[in-house]
Amino acid sequence: MFRGRQKSLSVMSLVLMAFSVLLAGGLSEAGPKPKPTAPYIHRATVDESGEVTLQFTASRNQTHYEVRMGNAQRSTKIAQLGASSTSYSTKRLANPGELVSLFVRAVGQGGSADSNVVKLRIPAPRYTKPLATFPETGGYLGFGAEVSGKRHNGGDYKSTVGTAVFAVTDGVVVYSGSYEGFGSLNPSSKGGVMVIEHTNRSGGRFFAVYGHATPLVKPGVRVTKGQRIGTIHMFKNGGVALPHLHFGIYIGDRFPTSGWGYSSSLANWAEPKAYLDNNL
Ligand SMILES: [Zn+2]
């Protein structure tokens, strides 16, 4: 019994010794792994759509990179990039108007090293889309289309019944109610429409027609950019269901009393998306 125990102890000592020698030999051969050098962000941009792009110089002794949001004390990883990467691009990093701090961390077997921290402001869109899916048309009637000798003075944007309609910018409601032709075509019936007086970025006045929607705002009230002002209702043409938003832009001091969907000419009317993109 005693001898057996002694024997097993000495075997164990030998194994431990051999392991120590192996470990020491291994370390002295490879040495400690070198720490990565710090990458450097030399270009950081954010475009109007909120897409952020970082370009950075490569680090040495790294196996991969992490793009992190925050600072050296507190950060969260938002992406992992391969060892050969030198750029990173993404959308929807933060809400419009927010300031974000970003840096790149080089990670290797010998540790990690952080780049400089860059700060970017996510731009706020200059206007709100009247429908979340604007300017998707789905093949509906476009701006300027000729129908029975008249011109379609707005754009038709495909939608579904119950969809929210938003004010593109601040304004005052000048008309809110029902109007002939906005409920159905062939036969014609009344439907919901709002006309809102807005101001463009040069201080100029324009009117926007939001048609085929049940109004949620009354005449005379002020609305703010992005406020929900109505709900898309059913629209039929010759019995065919085609719910959509008719959205028109009229530039002038006085909004006409008729011709809100079609008019004899396109004078004072503008292609909606181009107008918003260039003037708000
Ligand atoms: Zn229309």
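**Close-up views of a predicted model**

Figure 1. Val 165 has Gly 230 of β18 as its bridge partner. The model shown here and in every later view is predicted. Phe 166 also has a partner in β18, namely Arg 228. Strand β12 is joined by 3 bridges to β18, which covers residues 228–232, and the two strands run antiparallel. A further 3 bridges connect β16 with β18, again in the antiparallel sense. On that side, Pro 215 is the residue whose bridge partner in β18 is Gly 230.

**Figure 2. The open sheet formed by β12, β18 and β16.** The 3 strands of this open sheet follow the order β12-β18-β16, and their pairing is antiparallel. Strands β12 (164–166) and β16 (213–215) are the edges, since each pairs on one side only. From one strand to the next, the twist averages 40 degrees. Strands of a sheet are held in pairs by backbone hydrogen bonds, in either a parallel or an antiparallel arrangement.

**Figure 3. The largest nonpolar core.** This core contains 31 residues, and Ala 208 and Tyr 210 have the most contacts inside it. At least two residues come from each of β12, β13 (171–185), β14 (189–199), β15 (205–211), β18, β21 and the helix α2 (272–279). Strand β15 contributes the most, with 5 residues. Beyond its neighbours within four places in sequence, Ala 208 is in contact with Val 168, Ile 196, His 198, Phe 247, Gly 248 and Ile 249. Another core, of 9 residues, lies apart from the largest one and includes Val 52, Leu 54, Leu 102 and Phe 103. In soluble globular proteins, nonpolar side chains tend to be buried together.

**Figure 4. The two sides of helix α2.** Pro 272, Tyr 275 and Leu 276 are the buried residues of α2. Viewed down the helix axis, these buried residues fall within an arc of 95 degrees, and they therefore line one face of α2. Ala 274 and Asn 278, on the other side of the helix, are exposed. Among the elements that cover the buried residues of α2 are β11, β21 and β23 (269–270). An α-helix has 3.6 residues a turn, so residues three or four places apart point the same way.

Figure 5. Arg 151 belongs to strand β10, which covers residues 150–152. This residue counts as partly exposed because 18 other C-beta atoms lie within 10 Å, whereas a buried residue would need 20 or more. The C-alpha atoms of Arg 151 and Ser 263 are separated by 5.4 Å, although the two residues are 112 residues apart along the chain. Setting aside residues up to four places away in sequence, Arg 151 touches Gly 144, Glu 146, Tyr 262, Ser 263, Ser 265 and Leu 266.

Figure 6. Phe 134 and Pro 135 are joined by a cis peptide bond with omega of about 10 degrees. Pro 135 is placed in the loop between β8 (118–121) and β9 (146–147). The bond from Asn 186 to Pro 187 is also cis, and its omega is near 0 degrees. Pro 187 occupies the loop between β13 and β14. Most peptide bonds are trans.

**Figure 7. Two loop residues with a positive phi.** Arg 92 has a positive phi of about 50 degrees although it is not a glycine. This residue is found in the loop between β5 (87–90) and β6 (99–108). Arg 92 is exposed, because 10 other C-beta atoms lie within 10 Å and the limit for an exposed residue is 12 or fewer. Ser 148, likewise not a glycine, has a positive phi of about 50 degrees. Its place is in the loop between β9 and β10. With 5 C-beta neighbours inside 10 Å, Ser 148 counts as exposed. Most residues other than glycine have a negative phi.

Technical notes: Residues numbered from 1 in each chain as written. Predicted model: local features only at pLDDT ≥ 70, side-chain atom pairs only at ≥ 80, totals over all residues. Helix = DSSP H or I, 4+ residues; strand = E, 2+ residues; numbered from the N terminus. Contact = placed C-beta atoms within 7 Å. Pairing = 2+ DSSP bridges. Axes fitted to C-alpha atoms, helices over the stretch in contact; angles between N-to-C directions. Core = buried A, V, L, I, M, F, W, Y, C linked by C-beta atoms within 7 Å. Arc of directions from axis to C-beta.
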